[in-house]
Amino acid sequence: IYKFANNAISRAECGFYFLKQCLQKIHTGGTDAAWSRSIYILFSYNFELVLKTLFILTKIGCGVSKEKLKQELQAISHNFEKCFKKIPSSILKDIGIKSVKKTSNKNFVEYTVKVSDSDVKTIIFQEFSDVRYDFLDNKFRSPDYAESERMKKETETLLEVVKKIKEKIPNLNYYEKEYKEWYKKFQENNPHLFN
């Protein structure tokens, strides 16, 4: 279970660092028809991984199989509120996520996430399916001229949340054997890099 939680939160962490770079170098202004949608998709996807990591941590000591865990994660789908409600306060304690509520804003489905221990108190996430298929209804978001700056602060807040979650997962050297095997094959297939 710790291994799966570590995998999920590590992917979320990488995703938020990638978003941070995008917000510093590519999408640096207000709402943009081309960039904003892609940013919102990545933002939503990576926060989903944060919540699913916390859900995975609820399974410690339950003897749940990998297949059963996969089924449960798929049953939650992309519903942040549903996932949040499955996480007990004992796990949420000290993480900084206070609430997750599904809302609607000008025909867009969103999640309002309240956070603590930050200058950012509320983060809005576009619902993962809705943001991907908004073209079907020709929806347009309200312009936010400080979108990039706002999302940079939100990303920093989420990286702090990720850090707190990672502290709850023991480092058990999960992949030492796999890494050694991979590295050996890498050396064999690329001898010119090691001469």
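1. About 440 Å³ of space lies in the largest pocket of this predicted model. A pocket here is an open set of points on a 1 Å grid over the protein atoms alone, with protein on both sides within 12 Å along at least five of seven lines, where a 1.4 Å probe fits; the volume is the space filled by probe spheres set on the points, which are joined across faces, edges and corners. Rolling a probe the size of a water molecule over the atoms shows where empty space is left.

2. The largest pocket is lined by 14 residues, and the closest to its centre are Ala8, Leu49, Ile56, Lys70 and Leu73, where a lining residue has an atom within 4 Å of a point. Helix H1 (2–25), helix H2 (35–57) and helix H3 (66–76) are the elements that give two or more residues to this lining, and H3 gives the most, with 6 residues.

3. Residues are numbered from 1 along each chain as its sequence is written, and side-chain values use heavy atoms, with hydrogens and water left out.

4. The fold comprises 8 helices and 3 strands, which follow one another along the sequence as α-α-α-α-α-β-β-β-α-α-α. Helices (H or I, at least four residues) and strands (E, at least two) are DSSP runs, numbered from the N terminus. The C-alpha trace spans about 55 × 45 × 35 Å along its principal axes.

5. Of the 195 residues in the protein, 41% are buried, a word that stands for under 20% relative accessible area, with exposed meaning over 50% and partly exposed the range in between (1.4 Å probe, protein chains only). Among contacts (heavy atoms within 4.5 Å) between residues at least 6 apart in sequence, 66% join residues at least 24 apart.

6. Ala12 has its place in helix H1, and it counts as buried because its relative accessible area is 0%. Leaving out residues up to four places away in sequence, Ala12 touches Asn46, Leu49 and Val50; of these, Leu49 is also among the residues closest to the centre of the largest pocket. Ala12 and Asn138, by comparison, are 126 residues apart in sequence and 30 Å apart in space, C-alpha to C-alpha.

7. Which backbone angle deserves a check at Ser77 and Asp94? Ser77 has a positive phi of about 55 degrees although it is not a glycine, and Asp94, likewise not a glycine, has a positive phi of about 75 degrees. Ser77 sits in the loop between H3 and helix H4 (80–85) and is partly exposed, with a relative accessible area of 34%. Asp94 is found in the loop between helix H5 (89–92) and strand S1 (97–105), and it is classed as exposed because its relative accessible area is 55%.

8. Arg132 belongs to helix H6 (residues 128–132) and is partly exposed, with a relative accessible area of 28%. Apart from neighbours within four places in sequence, Arg132 is in contact with Ile41 and His78. Arg132 and Ser99 are 33 residues apart in sequence, and their C-alpha atoms are 24 Å apart in space.

Terms used. This is a predicted model: local features need pLDDT of at least 70, side-chain atom pairs count only at pLDDT 80 or more; totals for chains, interfaces and linings use all residues.
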